[in-house]
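Welcome, and please open the model in your viewer. We will go from stop to stop, selecting a few residues each time and looking at what is there.

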Amino acid sequence: MDTTNDPIKDLLLKENYVSQEDMDKAAAYATQNKTTLVTALLTLEIINKSILGQAIAESQQVTYADLEKTPASAVNVQRIPQDIAEKFHLVYVREDDTNAFVATDNPQQSGLLDALHNIFNPIVPTSQNQQMKDVKLMYSFTDDITKSFVHYKQPLTNRFADIFNSQNKAAQDIFVEVISEALTYKASDIHFEPQNEEVIVRIRVDGVLQESGRMPKEYYENVLNRVKILAHLRTDEHFSSQDGSVRLATDAFSVDLRVSIVPTLDGEKIVLRVLSHYIKGLGLVDLGLSEKNQQLIEEAITKPFGMILVVGPTGSGKTTTLYALLKQLNKPGVNITTIEDPVEYKIQGVNHIQVNEQTNLTFAKGLRSIVRQDPDIILVGEIRDQETAEIATNAALTGHLLFTTFHANDAATAIPRLLDMKVEPFLLSSTLELIIAQRLVRKICDNCRISTEISLDDIKKNPILKNIFTKKTTLYKGKGCDKCANIGYRGRTAVYEIITVTPEIQELSLTHPSAKQIMDLAIKQGAQTMFADGLEKVTAGLTTIEELMRVVHI
């Protein structure tokens, strides 16, 4: 893609937003990946998105509308007819007594102002009370405007019906519609659940499954076969589980999917893990870490060798945390290599290796090869067996900083579990630097958050609160609005439990201790439980006590 005469490029260089060296790097990336300069600048994190938006808006002599930070409501989006909005890429932002503010990605396009004046200042008023407004244009990014068009969409079940009635390529179009729905709501997983007479489609948004649509079972067989073909799975296998992956690219989106198909009594169920770009922009400061916990992690990752272990169940955000750490350490003078199953997110400058059982490239065998590749930092997607655990600890002992994940309920349990996997106690105590346990909780919607003061009498009457609070306190919740689909929650953050492996914990590890012994000692040394960290987020108004209790026990 040619970026030679890009006006954005000239603007950013002239106003010293970006250095010539970084601009050349972004231009090369844009050409190589056939994308826009704006996308390249943001992907490579050369410039902050908000600053870039303001710079572009200034060059267009308009103001910047940050639709990512403050999304347009359904009511506002629908103030502009869908055909006009899609033609000129518009979204209605707000109004005051005299002005209507409308965002677009191209304020200079021909016919735009005439179209808007016909909506807000028609020659023939649509009602006697209609107030004339001056149209004020704003700039916003194309992707952020496109996301707002979800408010024009019919429910998924209705869109299924339109597909069934209009054409023969139902399977592919149904699949694309479902993926589009999931991406719109930033879902992490998609479930196709066959029932007796129909198939229910559910998506997991902010950790909670919600029904998205239904289809007659007669159409599902074609959808199932379509998924199998895209994932290179056997279409004639119906009684064994199968796993694969799909890279789906359309004019509207591109996404990687991890596919799992298992037989149930009512048919084969599909679950898709969405491996999208949702977390690509996250850094260490965005994870929800307290100041103390962030300091503990930053100290640990500056050491030249040792193991940093992130534990928790599937879907607890372990990969997100690890990638935020890698991004912090990813510099030209550092060789970072990962081995994962699958590689979920690609980072420029990092060497990613995909586990492949068919070619006998396992975690253990891959890790042996990585050690011979002169790495500074190694990421092992997961410790699954004794061999991988032993190689990982040895790699951390021989001068490498190693990040990995492990399935354990809390930070203290990780040490006994690894010892049970026959890792030598002296090896583990010598290499383990930090254990991070985490869970994800939904955040209260910023737009509709309200506070309630809970009296001591009310606390004593509540079976949950009486075990937590000893005096009156203020709690928060979301009352529900169009920005959070009337749920009261929007987005997620993590609650953490971090144990620094001190000399005392190292010595204790040599005696095959219980998780309780380790946690008791860690707390004496200043560690904080996940519940305590979550409680701080509850009292700060980030989440609710009900949400915290959903994922963490006292």
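Begin by selecting strand β19 (residues 489-500): 10 bridges join β16 to this strand, and the two run antiparallel. Helices (H or I, at least four residues) and strands (E, at least two) are DSSP runs, numbered from the N terminus, and two strands pair if DSSP finds at least two bridges between them. This is a predicted model, in which local features need pLDDT of at least 70, side-chain atom pairs count only at pLDDT 80 or more, and totals for chains, interfaces and linings use all residues. Residues are numbered from 1 along each chain as its sequence is written, and side-chain values use heavy atoms, with hydrogens and water left out.

**Stop one: strand β16**

Within this pairing, click on valine 441, which stands opposite threonine 493 in β19. Now colour the whole of β16, residues 432-444: 12 of its 13 residues are buried, so the strand is mostly covered. Buried means under 20% relative accessible area, exposed over 50%, and partly exposed in between (1.4 Å probe, protein chains only). To find one of the pairs, select leucine 309, whose bridge partner in β16 is isoleucine 435.

**Stop two: two cysteines**

How many disulfides are there? A disulfide is a pair of cysteine sulfur atoms within 2.5 Å, and by this rule the count is 0. Select cysteine 445, which is in no disulfide: the nearest cysteine sulfur belongs to cysteine 481 and is 3.7 Å away. Is cysteine 445 buried or exposed? Cysteine 445 has a relative accessible area of 0%, which means that it is buried. Cysteine 481 is buried too, with a relative accessible area of 11%.

**Stop three: a sheet of six strands**

Show the strands β7-β6-β5-β10-β9-β8, which in this order form an open sheet of 6 strands with antiparallel pairing. At its edges you will find β7 (208-216) and β8 (242-249), each pairing on one side only. From one strand to the next, the twist averages 20 degrees. Axes are lines fitted to C-alpha atoms, for helices over the stretch in contact, and angles run from 0 to 180 degrees between N-to-C directions.

Zoom in on strand β5 (residues 189-194) and strand β6 (residues 198-205), antiparallel strands joined by 6 bridges. Here isoleucine 190 stands opposite isoleucine 203 in β6. Next, bring in α10, which packs on the sheet and touches β5, β6, β7, β8, β9 (254-264) and β10 (267-275). The direction of α10 makes about 135 degrees with that of β5. Contact means heavy atoms within 4.5 Å. Helix α11 (residues 220-230) also packs on the sheet, touching β5, β6, β7, β8, β9 and β10, and its direction makes about 50 degrees with that of β10.

**Stop four: helix α10 itself**

Of its 15 residues, 11 are buried, so α10 is largely enclosed by the rest of the structure. Among the buried residues are Ile174, Phe175, Val178 and Ile179. After α10 comes lysine 186, with a positive phi near 55 degrees.

**Stop five: valine 355**

Move to the loop between β13 (351-354) and α14 (363-371), where valine 355 lies. Its relative accessibility is 7%, so valine 355 counts as buried. Leaving aside neighbours within four places in sequence, valine 355 is in contact with Ile339, Glu340, Asp341, Leu361, Thr362 and Phe363.

**Stop six: helix α15**

Select α15, where the buried residues are Thr388, Ala389, Ile391, Ala392, Thr393, Ala395 and Ala396. These buried residues pack against β11, α14, β14 (377-380), β15 (401-406), α16 (411-420) and α17 (425-431). What caps the N-terminal end of α15? Aspartate 385 does, with a side-chain oxygen 3.3 Å from the backbone nitrogen of glutamate 387. Just after α15, look for glycine 399, which takes a positive phi of about 95 degrees.

**Last stop: a sheet of four strands**

Finally, show β1-β4-β3-β2, the order in which 4 strands form an open sheet with mixed pairing. β1 (63-64) and β2 (90-95) stand at the edges with a single partner strand each, so one side of each has no neighbour in the sheet. Between β2 and strand β3 (residues 99-104), which run antiparallel, there are 5 bridges.

How values were computed. Polar contact = N/O pair within 3.5 Å; in protein donor to acceptor, adjacent residues only side chain to side chain.
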